[in-house]
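Please look over the sequence and the model below before reading on. The paragraphs that follow lead through the strands, the ligand shell and the helices in turn.

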Amino acid sequence: MERKNIFWDHIKANRWPYVIGFALLSISSMLQLIIPWLLGRFTDSLQIGGLTYGQAVNFAVWMASAGLGIAFFRSASRIYMFRLSRQLEMRVRGELFAHWEKLSAQYFNNRRIGDLMSHAISDVGVIREVTMQGYYNVMEALFLIVVSVTAMVSFVNPWLTLLTMLPLPLLSLLAYRFNKQIMQQSADMQAAISDLTSRVQEFTAGIRVIKAFVQEQAVRKLFAQDNQHAVNMNRRFVRSNSLFGALSAGIVGFSFLVSVVVGGIMVLKDVITLGEFVAFNTYLSLLMGPIENLGKVVNLLQRGKASELRLLEIFNTQPDIVDDVIAKPEIDRIHGDIEIRNLTFAYPEAKRPALRDISLTIPKGSSLAIVGRVGSGKSTLVHLLVRLYNPPRGTVFIDGHDIHEIPLKTLRGQIGIVPQDQFLFSSTIRDNIGFDPKPYSDEQVAEAAKIAQVYDNIVEFPHQFDTPLGERGISLSGGQRQRVSIARAVIKKPSVLIFDDSLSAVDTITEDRILEGLKSVMNQRTTIIIGHRISSVQHADRIIVMDEGRIVEQGNHEQLLALNGIYADMYHKQLLDQEAERQDVKTRRQGSSVLLQGGTGA
Ligand SMILES: Nc1ncnc2c1ncn2[C@@H]1O[C@H](COP(=O)(O)OP(=O)(O)OP(=O)(O)O)[C@@H](O)[C@H]1O
């Protein structure tokens, strides 16, 4: 269901707390109105000259009590209402995070981290500010305006009140005039901050590449541009805001001028007393703060509207990968019999399909290897098996069920994937390996690390499995990261295990050991290995070769060699490379022994 608003839902859900907050605020405002009245009486008594010492003390006690009352009720109302705003902020941020979790990989592919962070931090912050300062000031202003104007009319003089109030509608006109401009400038400012955040994020993630390619100066220049742009946008916003503030202060000042001139004449002509004049001006000054605030609040409300719209757009983005309507909740296990029938798949917005007419069976417990040129569709094929993207219905089957019939939880819970990008979290090695809803014992974590051939490395670290990893696991070598990712998939003992080019950063001896260790885990389970090295794929029961989204060759290692096609070509090239490498090592060894002999002979 489409979500239409955030603020209104919040008010509806908290109407009674808001009523209580408003009641506390009203008491504080009523107490504020006593002060001008007391001041007026005090001035009149002074002017008449009949003020006794006891009466003066009496006035002072009343003033002090009103002051204390104002302080108490004002803080109580602020604490009460601000708490509601903090709750809203926490709830909206939580909902935003939960909603993002439901959205597909494609959604995140198309968005910059800076924008996402700006929604989570700035937009939600503005929402809080609106309900905090915004609502509070509006309530206070409306209450004070109504009650003070009534008091000014009934206790002092209706004509004086009318004349001083006349310039005030100009404030609303001014707010209306600045409204659109400030909203647009606020959006531009937010966008500039997103750019800056994205720039910092990209810089920190790419710091190694930047240094290696001596791009510090170029990157600094780009950062300076974004930084300047953010400052310019902010200046523009502050300029409009200040102009608005100055003009509204001018209007307020004009009201005071009218009050002093007209009120002064009225006192001289005995239409009102001096005390009434003092009381009137005190009422007016009480009013002016809230009326000025009202102007600022109009801007805040505009920014709030813009933030609300941006957040609603996220909330109303429907997750495109969810349990299908044909999903059968009773399917809570998968065994690993995979069949792909005439699968053609194109990424959203892509011009050409990434996979074309793929048909394939991978019997339960067997191993399939996929090789092929870069961009030939290997990763796409396995991503469809875990529904990171949606394959068309009737094309992918597991255990005879269309993949859309299998609940996502079952599918992803029982297929272990070691993705090409071995992302590790900035927690400990143990947490990274046991990254699963199920808890795992220390023995299970160690066992998975042994199978992935990373155990010996881990126990050499000072904190062993409790070693904290930097962001993206950066404190490990590429090969160690790959093996921790393998352990993370292996520990689940999944029915289907997929390695997406996951052995590229380990040497061939470690690769053999990992594959050997996996045999015991993968006994009776299905394995899919994507690789560029023939050594990682040659023992698979079946190998497919992909090119431009199609399967162009298939068979086992020997059959493919006999075909003398792309696979055989890859094999011979890799043999030649290995031979050249061996020769190179041999020549270097011989060179160094000649040098050594020359050295000893001299
Ligand atoms: N999210 C995406 N949106 C649009 N096109 C994509 C997306 N991911 C991949 N592609 C395109 O789909 C094609 C197949 O990509 P895929 O990642 O499956 O290739 P691959 O064989 O795994 O390559 P590599 O060996 O480099 O990992 C490529 O042309 C690629 O540009």
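Strand 1 and strand 4 pair in the antiparallel sense over three bridges, where strands are DSSP runs of E of at least two residues, helices are runs of H or I of at least four, both being numbered from the N terminus, and two strands pair if DSSP finds at least two bridges between them. Within this pairing, Ile338 stands opposite Ile398 in strand 4. What is shown is a predicted model, in which local features need pLDDT of at least 70 and side-chain atom pairs count only at pLDDT 80 or more, whereas totals for chains, interfaces and linings use all residues. Residues are numbered from 1 along each chain as its sequence is written.

Strand 1 (residues 338–345) also pairs with strand 2, again antiparallel, over five bridges, and the partner of Ile338 in strand 2 is Ile362. These strands belong to an open sheet of four, ordered 2-1-4-5, with antiparallel pairing. At its edges are strand 2 (355–362) and strand 5 (401–402), each of which pairs on one side only. Helix 11 packs on this sheet and touches strand 1, strand 2 and strand 4 (396–398), contact here meaning that the C-beta atoms of two residues, placed from the backbone, lie within 7 Å. The direction of helix 11 makes about 60 degrees with that of strand 2; such angles run from 0 to 180 degrees between N-to-C directions, and axes are lines fitted to C-alpha atoms, for helices over the stretch in contact.

Helix 11 (residues 378–385) also gives the largest share, three residues, of the shell around the ligand. In total 14 residues surround the ligand, the closest being Tyr347, Ala354, Val374, Ser379 and Thr380; a residue counts as near if its C-beta atom, placed from the backbone, lies within 6 Å. The shell divides into four nonpolar, eight polar and two charged residues, with Ala, Val, Leu, Ile, Met, Phe, Trp, Tyr, Cys and Pro counted as nonpolar, Asp, Glu, Lys and Arg as charged, and the others, Gly among them, as polar.

A further open sheet is formed by six strands in the order 6-7-8-3-9-10, with mixed pairing. Strand 6 (415–418) and strand 10 (550–555) stand at its edges with a single partner strand each, so one side of each is left without a neighbour in the sheet. From one strand to the next the twist averages 15 degrees. Strand 9 (residues 542–547) runs antiparallel to strand 10 and is joined to it by five bridges, with Val545 having Glu553 of strand 10 as its bridge partner.

Turning to the helices, the axes of helix 2 (residues 15–48) and helix 5 (residues 113–156) come within 10 Å and cross at roughly 35 degrees. The crossing is right-handed, a term used if the near helix is turned clockwise from the far one by less than a right angle. Among the residues that make this contact are Phe22 and Trp37 of helix 2 and Phe143 and Phe155 of helix 5, and the contact comprises eleven nonpolar, three polar and one charged. Helix 7 (residues 169–205) and helix 10 (residues 274–315) have axes that come within 9 Å and cross at roughly 35 degrees, and helix 7 likewise passes helix 10 in a right-handed crossing.

Finally, the chain is assigned domain 1 (88–315), domain 2 (338–563) and domain 3 (568–602), with bounds that come from an automatic or database domain assignment. The C-alpha centres of domain 1 and domain 2 lie 51 Å apart.
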